[in-house]
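Subject: Structure handover

Hello,

Here is the structure I promised to pass on. Please open it first, then read the notes below it.

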Amino acid sequence: MIGKIKKHKLLLYIILILISLLATFISISCIQNKTKTLFRYEIINNGIKITEYFGNEESVVIPDKIDGKPVTVIGDNAFYQHTQITSVVLPESLTVIEGAAFYRCYSLTDVIIPKNVSNIGANPFFRCSSLKKILVDPNNQYFMAKDGVLFNKNQTTIIAYPENKESENYTIPTSVKKIEKDAFGYHCKHLKYLVIASNVTEFPNYNMFVYPDDITLIVEEGSAAHHYAVENKLNYEIVQSVG
């Protein structure tokens with residue numbers, strides 16, 4: 001009789017373990033299926049390129065892997081007009097952020113570029129009107145941030161200025177030689193004066209400000225910035241020396 005009871009207890013114990021394992025498997029499957037339904041993606045070079053996001057979360061965590069493959073690319077317009085997103089965590093596996101990847105994510109306030117990102121397209125945060133700062137993992141070998149502004153690693157190119165950076169005055173560092181396409185986004189609503197020294201010689205081949213009447217360039221006479229302001233009919237003030 002005692003032996004039968006022990007057998008029944010053992011059988012019950014085994015059944016409980018199997019139920020627990022099944023529940024865990026179902027839970028993992030549900031998470032994986034949810035991840036798949038949140039993103040449209042394609043496989044490139046044995047990695048995942050996210051081409052579209054379908055979720056409605058305010059805080060988005062992009063996984064390191066989908067279908068067992070590393071997420072390496074966020075495609076252009078992948079998060080187009082997801083106005084509810086306030087924060088996004090990018091995966092360590094990420095190597096490429098294409099241009100306008102987060103176009104019109106109006107509520108996004110800040111973002112951290114992971115250490116393995118080696119390629120960033122034309123301002124991926126264009127029209128992110130709440131964006132206050134962009135940060136970069138200090139171990140990234142290709143990009144860096146200073147005062148919340150995104151540059152290449154040796155700080156010779158300004159890539160993206162946050163549209164909601166709370167400063168009326170900004171002086172482009174003297175190391176900068178190039179202002180990248182769409183670097184100043186759609187409307188930097190707080191920015192009133194942009195100081196550009198003569199070291200900056202490469203500009204977009206169009207007026208880089210959608211609202212040019214809201215901003216004044218501070219430039220040195222005869223500099224490339226001076227010529228750019230004149231050619232694009234921008235407000236400007238001439239100073240003897242910027243820096």
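Strands here are DSSP runs of E, at least two residues long, and helices are runs of H or I, at least four, numbered from the N terminus. Two strands pair if DSSP finds at least two bridges between them.

Before you go further, note that this is a predicted model, where local features need pLDDT of at least 70, side-chain atom pairs count only at pLDDT 80 or more, and totals for chains, interfaces and linings use all residues. Residues are numbered from 1 along each chain as its sequence is written, and side-chain values use heavy atoms, with hydrogens and water left out.

The chain overall

The chain has 2 helices and 18 strands. Of its 243 residues, 42% are buried (under 20% relative accessible area; exposed is over 50%, partly exposed in between; 1.4 Å probe, protein chains only). Take the contacts (heavy atoms within 4.5 Å) between residues at least 6 apart in sequence: 40% of them join residues at least 24 apart.

Sheets

β12 and β13 sit in an open sheet of 4 strands. The order is β11-β12-β13-β15, with mixed pairing. β11 (143-146) and β15 (178-179) are the edge strands, each pairing on one side only.

Elsewhere, β14 (residues 169-171) runs parallel to β16 (residues 193-196), with 3 bridges. Thr171 has Val195 in β16 as its bridge partner. β16 also pairs with β17 (residues 216-220), again in the parallel sense, over 4 bridges.

Cores

The largest nonpolar core holds 34 residues. Such a core is a set of buried Ala, Val, Leu, Ile, Met, Phe, Trp, Tyr and Cys residues joined through side-chain atoms within 4.5 Å. Ile62, Ile74, Phe79, Leu90, Phe102, Ile113 and Phe125 touch the most other members. Two or more residues come from each of β2 (47-53), β5 (69-74), β8 (110-113), β10 (133-136) and β13. β2 gives the largest share, 3 residues. A second, separate core has 26 residues, including Tyr161, Met208, Ala229 and Leu234.

Beyond four places in sequence, its contacts include Leu90, Ile97, Ile120 and Phe125.

The cavity

How many cavities of 30 Å³ or more does a search of the whole structure find? It finds 1. A cavity is a set of points on a 1 Å grid over the protein atoms alone where a 1.4 Å probe fits but cannot get out; lining residues have an atom within 4 Å of a point. The space in the largest cavity is about 90 Å³, counted as that filled by probe spheres set on the points, which are joined across faces, edges and corners. Its lining includes Phe184, Tyr186, His187, Met208 and Asp214. The lining divides into 9 nonpolar, 2 polar and 1 charged (Ala, Val, Leu, Ile, Met, Phe, Trp, Tyr, Cys and Pro count as nonpolar; Asp, Glu, Lys and Arg as charged; the others, Gly among them, as polar).

Lys181 lies in the loop between β15 and β16. Lys181 is partly exposed, at 44% relative accessible area. Not counting residues up to four places away, Lys181 touches Ala122, Asn123, Pro204 and Tyr206. Pro204 is 23 residues along the chain from Lys181, with 5.4 Å between their C-alpha atoms.

Best wishes

Conventions. 1 Å grid on protein atoms, 1.4 Å probe; cavity = no way out; pocket = protein on both sides within 12 Å on 5 of 7 lines; lining within 4 Å.
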